[in-house]
Every structure is written in structure tokens, then in C-alpha cells.
Amino acid sequence: MAYLTDKFWRTFKPFLILKNLFRKPMTLQFPYESLPPVEGYRGRHVLDLDKCTGCFICCMICPNKAIGLVDFRGRKYPQVDLGKCCFCQLCEEYCSVKAIKLSKEAMMVTMDKESAILGPEALSKTPTQ
Amino acid sequence: MSIFYLIVFPGFISLFLFSLLCEYIDRKVTARLQSRVGPPFYQPWADFIKLMSKESLVPTMADRKRFTAIPIFGVAAVVTAFIYIPLWSTESPFPFTGDIVVVIYLLSLPTLLLFLAGWHSTNVFGTIGATRGITQLFGYEVPFLLALLSPALVTGIWSLSGILNYQVEHTWFIAYLPLSFIVAIISLAGKLERIPFDIPHAAQEIAGGPFTEYSGARLALMHLMLDMELFAGSALIAALFLGGFDYIGVIAGLAGSVVGFILFLIKTFIVLFILICIKAAFARIRIDQVINMSLRWLAPMVVIQLLVIVGLKFAGVL
Amino acid sequence: MEEREIAFLTIPFGPQHPASGHFHALLKVDGETVLGLEPHPGYLHRGFEKLMEYRVHPQNCVLVDRADVLDPFSCELGYANAIEKIAGLEIPQRGRYIRTIMAELGRILSHITWIGVLSMVLGFDSANKIAWGDREKILRLNEIATGGRLYPCYLCIGGVRRDISQEFVDETSKALDYLEGQLSFYDYFVFKNETFVMRMEKVGRMSAEEAIDLGATGPNLRACGIDYDVRKDEPYEAYPEVEFNVITREEGDAYARSLCRRDEIAESISIVRQLLKNLPDGSYRVELGPECITLEGESYFCLESARGEKCFHVVSDGSPCPYRVKIRAPSFLHTLTEFPYLAKGSTIADIPAIYWSLDSCPADMDR
């Protein structure tokens, strides 16, 4: 008898999902609504051109060798290949003068692989978020 | 005039539009039950046009003519079944005695065609899906037939127009045949291969079943056949149990027919809503459990219902 | 008795398949009965352990969470603890508490993902979509604490890389309340759903001796009645300071494994609540300093990940990069020994149910 009542509830209680019809769906329809990014999100790199000394530590510590050094304004500055970067923040942690940081900017979409390599001038632009 | 009935209304074009509307309601309500947003109203149209525009491949070892003929036969069978269902009055455009049996037979053709489609695909997934489809047919076909023919047993008239006449004069059959109604809906879910009975084309175990090798226009017609079967099956149950176009009160003339037709659509969507709730609440069950369940619960329920009816008729109540 | 030749079909349970994750197997089938299963691992093999020999320890710490994509905190915890054992470092108490909180949140995330994928594979569309929505709560917590949703890069040698804020503590309490409500929903919608019970009961049954022979760990072993949990038997991190139960069941079939995991979610929620209440102040990280380039030694560290017992064997010979790293992945044995054993004699429809009730992650199996 207990078996039959058990079976009865197991067959009919799942229909309680009908109450989802009266609730707001949990989807956020992306370009029109989105959650704000949190503080401390690991997004695009930002370089402070005045502080950077060209000491090469960020290039050495990067696990995927995504940072290289290029000539710019007569000195060596880092250039980041966003395609290889895994956004681990080790470059920010090991930078001796705190020149390179990760910002909250997360929308880094491009159709062209070349434009994913950000040189020092692109890196020094303020992030959009 | 009969050409108009065959092609425009209630024939091919209007069935096409209604079945796309049916698919939209199915997907939207299922999505809301799962707390998602669901597709916009033009999504089934967009899917159909996209599939028609893609290349349609036929496997090397398969017979090209049969491969192409199967979806076309399927759509033809379901359209032919639909024009015999009365939509706005007691008579369909081409009524005759025994048309209820013809409709039920034509609605079981798509399952046999899915079997042939899987077999002719010469693909191991297609073979397994095809055999599962036919095995499932053994389970639900007998309860489906008995449940749908029980109104005919009550009235003693074997035509849809006679059954609808009886419902207009007395009450709707759902009042005296509730068990048949439930069995008819569950068996319809089995026939249409919806969750919890979608074992034949279980995408997660055998990638696609009978549909694996179909692509492009042929796949578009297969999906169209399934959507049309959904609408035609729900319409048949609405006509047999919920009174079809019947409503309380009388409005004369053309306005009366239009109101009746709109109420018929609403009743079909009520049956569809019950099918959607069943789909959203359950998982897929194994093929041996499907047969087990049909022979253990569905068939006895409908037989008990028929015995009650026969008893009442014998006692002179009905 | 004459010999009967059975003609069988070979079905690929292939890597490009909604049900198998990224795992290739060949099924030998007669009608609907499975006669044998031949696993072909290696689709996701990336050469992890070899690649770790070319990178310094801090670099390895941020890359190792890709070794088990569904439970990344356990990988980071294991590697960091193995190196700390070699270096003889003592982590401050706040660091240990934060690490345990994140590890338990990772366990809850893995189990909810498991509910979603198991439902998808059983054809239970609704539970799949709802579970995927519940994951978002924990991914948001990951984002607040660590800056990334799936790959946290958070637990490092010496502690954790940044402190947790008051916002994280508040959001975690809210998320845990929500998840407890969802657990009671999953109870009647998934675990006591008639079709789910029909698919999972008496399927893929293992006895206790068979489970030990086949090398099962984690919920697979505990569902057969054996009480073995690394968190209780060889405690690490902050586990000695919390109270929790080890969930065991007697039957050993797929349904018992599912109920084990469901109860583990409830236990993890209670562990995180206890830790948040008693969170000590202080520093959260101890700096390793230049001796991390000249570490010499060998260590073996075991921990309880969401899948089972995961162990890290690290050998370091005095150079900056480790000499050898070996990860004992629990999914390796689940897929290669238990799955073929349980699959023999079942039907095709049971194969995805058995595979996902063992909860194996293909990325973890192949590394």
C-alpha cells in the first residue's frame, strides 16, 4: 500500500513544475540585459607607460609566453597576445613596479587574429568598463 | 470547391500554417516551464526555410528513390487524415461512414514510414531506431485504437459526423469516457515519439535514430510530418472527446461557424498543453518499460472503461 | 550443445556524441543487449604531466585547474599542498579556511553540473535546463572571489592570491539559502521522479568487493556501503575543524550513487556555513620567496575531489621546474575499469545512465 502511494506521488508531484509558468524566466537576454562585471574581474591588461621599466619579468613569468617586448618611444615595452593569454594575473602579481594590471574590460571580440595582439599604445588606453 | 478544400482550407496550406503554430506553442510553453524564455514566433518558419535551403545528402548504399519518397508519403498521409476531421460543423468536407477508421489508420502510417526510413538509411543508428519504433508500436497502438473507438461504441455510429452529432445533442464524451481520454492522450504521446516515449530517436544514445542520415529538404519534410501529426492527433482527440466545434448557446450562420472553429482550435491547444506538461515533467523511459507500462496500465484502463460502457448500455442508462 | 554464433553490431559511443562527453568507446550489441564495451581513451590527452615539467611552480599552479575542468579547485589544492609539503610551509589559518570554502563550493558546482548532464543524457530535458541555471549562482560567487568564472587561478603556493571581501560572504550566504531551496525542488522533481527511478534503480550494480577490486573511490565506493572519505581518514586543510557526515548507502546501483551525491551537496552546504561563521582574521598568504626555485624533495598528497580520491605525486630535484608530476585521476579508473565491467549485460539504453552515474570527467581521465 505504501508502495502504491509512493508511486502515485512520484508520478504526479513532478507536475508541480507548472508553477514556473507564473515566474520570471531565469534567462538574461544578453545584449539587452546583463549582470554588471564585478570588481577584480580578470579582463584586458592595462599598461602604465610611465611606470614600466622594461624589466622583462612579466614576459618570463607568463605561462603561455603571450607577452613579448617591442620597441616603442625609444624603450622596450610589453606587448600582449590576447589569443594566447589565459588571464591568470601572474604578470600583475610579479611586476616589480605595478605597471601592468588587469581591468574589468571583458568584451574583447575580434574577427581578425592580428588585432588580438595589443601593443603598448593599445594597452595604455583606459578600459571601457 | 473541393480543390479549395484540399489545398487551401482545411487542406495543405492551412494545415501547414497551423502545424507551425503548434510547434511554436510547444517550444514556447516547454521553455517557460523550464524557466527559459523560448524562441520567437517565427522560429519554426525559419527552421523550415533553413532546412529546405541546405544540401540534402543520400548515403551511397541507400536507394535514392525510396529515401526521397518516404517523407513525401508521410506528409501526404497526415494531410489526408486531417481533411476528414470536422472543423467547423458536424461534417468534414468529405464525410462518409467509416471515416474514423480511415483517419486512425492514416495516422499510424508515419510510424511505419519512420521504420522504413531507419532501415533504408543503412546506418547502424537508423536500424536500432527503426526497430525500437516498431517495438513501441506494439505497446501503444492497441490502447490508442480502443480509446479512440470507444465514442463510436457508445453511439453505435462509425463516422465522425455521427459522433459529433451525438455530442451536440447530448454532452461531450469526456463526461462519460474520462479514462479513454487519458489513455488516448498518453498513447498519442507514444505515437508522436515525445518524451517520455521518445526512445526511437533518442538523440543521446543513438545520435538521431531514423533521422540520422536525413538532411536538407528531406529532413524538413520529416519534421513537417511530425508537426502535422501532432496537430492532427490533438485535433482528433478534441473532436472525439471535447465536442469539436460545439459550444454553449447558438450563433447562426457564418459567424457561428467561425466561432466554432476558433473554439475548436482552443480545444486542440488544450490537448496540446496536456501533452506539453507530460513532456516537461518526465525523463525518457526504456523500451521494455514502455511495453510494460502500456500492457500493465493503459490497456486495462481502456478495457475497464469499455466494460463500464457496455454495462451501462445493457442496463439501458445510455 | 551446438555452438551458436551471435552476430553483433558495433556501435560507436563516440567522442562526437551528446551522451559521452568527449570519450570514445565501441559497443558490441546484439539486439538491445550489450555484449561488451571497449573504451578508447585519449581524445582529450594534452600531455599535461609532461608539460608541467617545463614550467615553474607558480606557472603550474594557474594551469593545473584545466586538468579537471568540472572541479578545478581540487586540482589547484592538490598541487599547492604537494609543493608546500616539499617546502615545509605552514599556511595561516585564514588561508586554510578560505581554501576549504572554495573547495567545497567547487564540489557543489561539480555535483550540480552532474545532475544537469545526467538528466540531459536520460532525456530529462527540464532538469537539465534548471540545473544549468543553478550553476550560475556558484559561478557568480567564483567571479566575486577570484575574478574568473570557470578557471579560478586562485589557490596558490602559500595560501590564496587575494582576500575574500564582505560582499563574497553575503553573496555566499544568499546563494546557499537558494541552493537549499533548490535541493528540495530536485528531491521531488528529479530524485523521486517516477521515470528517473525507473531508469536508475537496479542498473549498474556493484557489490562492495567488486568496487574495491575495480578501484572505485568517492561516491561510487560509498554507495556500496564502504565508509572511506579522505576528508575524514587523512584530514587536510581546515577539515579537522568542521563537523560533517560521510554519506554511505547499501545498494550499490546507479540510484544509490545519485542519492549519495545529492546528500553530499547538503553536507557541503553545511560545511561552508560552519566555515563562514568561524572565519578567523589574519593573513591569508605566506610568501614562498626565492627558495621555490631550488626545492628538492618528493611528496604525495591525497585529497577528496568531487569525483573521488585525487592524488598528486610531485618530485622536485633542485631545479626551478618539477622533475615529475603524476596525477592520480579518479575518472581514469571509473571509465576504464568500472564502466566496461558494469556495461556488460545491460541494454543500450542503460549505457549513458551507467556512465554518468559513475561521474567521470573525460578531461580528468585523459589529462
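**Setting up**

I count two residues as in contact if their C-beta atoms, placed from the backbone, lie within 7 Å. I take helices (H or I, at least four residues) and strands (E, at least two) as DSSP runs, numbered from the N terminus. This is a predicted model, in which local features need pLDDT of at least 70 and side-chain atom pairs count only at pLDDT 80 or more, while totals for chains, interfaces and linings use all residues. Residues are numbered from 1 along each chain as its sequence is written, and chains are lettered from A and ligands numbered from 1 in the order in which they are written.

**Entry 1: helix α12 of chain C**

I began with α12(C), which runs over residues 330–343. Its 14 residues reach 19 Å from first C-alpha to last. That is close to the 20 Å expected at 1.5 Å a residue; the expected span is 1.5 Å times one less than the number of residues.

Where does α12(C) kink? I found a kink of about 30 degrees at Thr337(C), shortly before the proline Pro340(C). The bend at a residue is the angle between axes fitted to the seven residues ending there and the seven starting there.

Next I listed the buried residues. A residue is buried if 20 or more other C-beta atoms lie within 10 Å of its own, exposed if 12 or fewer, and partly exposed in between, with C-beta atoms placed from the backbone. In α12(C) the buried residues include Pro330(C), Leu333(C), His334(C), Glu338(C) and Phe339(C). What covers the buried residues of α12(C)? The cover includes β3 (33–40), α8 (208–214), α9 (219–222), β7 (309–317), α13 and α14 (362–366) of chain C. Just after the helix, Gly345(C) takes a positive phi of about 95 degrees.

**Entry 2: two helix pairs**

Two packed helices are described by the angle between their axes and the distance between the axes. Axes are lines fitted to C-alpha atoms, for helices over the stretch in contact, and angles run from 0 to 180 degrees between N-to-C directions.

In chain B I looked up α6 (residues 124–155) and α8 (residues 178–191). They pack at about 145 degrees, with their axes 8 Å apart. Among the residues in this contact are Tyr140(B) and Phe144(B) of α6(B), and Val183(B) and Ala184(B) of α8(B). By class, I get seven nonpolar, six polar and one charged. Here Ala, Val, Leu, Ile, Met, Phe, Trp, Tyr, Cys and Pro count as nonpolar, Asp, Glu, Lys and Arg as charged, and the others, Gly among them, as polar.

In chain C I took α3 (residues 72–87) and α4. This pair also gives an angle of about 145 degrees and axes 8 Å apart. Pro72(C), Phe73(C), Ser74(C) and Leu77(C) of α3(C) meet Arg99(C), Met102(C), Ala103(C) and Gly106(C) of α4(C). The classes are five nonpolar, two polar and one charged.

**Entry 3: where chains meet**

How many residues make the contact between chains C and B? Chain C gives 27 and chain B gives 21. On the chain C side, β1 (9–13), α4 (93–121), α5 (125–146), α7 (194–200) and α13 (350–357) each supply at least two. Helix α5(C) gives the most, with five residues. That side has 15 nonpolar, eight polar and four charged residues.

The contact of chain B with chain A takes ten residues from chain B and eleven from chain A. On the chain B side, α2 (12–33) and α10 (253–281) each supply at least two. Helix α10(B) gives the most, with three. I counted six nonpolar, two polar and two charged residues on that side.

Most residues other than glycine have a negative phi, and most peptide bonds are trans. I noted some exceptions.

- Lys65(A) has a positive phi near 55 degrees. It sits in the loop between α2 (57–61) and β2 (67–72) of chain A.
- Ser35(B) has a positive phi of about 50 degrees. It lies in the loop between α2 and α3 (43–52) of chain B.
- The peptide bond from Ile195(B) to Pro196(B) is cis, with omega near 5 degrees. Pro196(B) is in the loop between α8 and α9 (216–241) of chain B.

**Entry 4: two single residues**

Is Tyr178(C) buried or exposed? It is exposed, because it has 12 other C-beta atoms within 10 Å. Tyr178(C) belongs to α6 (residues 166–191) of chain C.

Pro95(B) is in the loop between α4 (64–82) and α5 (99–120) of chain B. It touches Ser159(B) and Ser161(B), leaving aside residues up to four places away in sequence. Pro95(B) and Ser161(B) are 66 residues apart in sequence and 7.1 Å apart in space, C-alpha to C-alpha.
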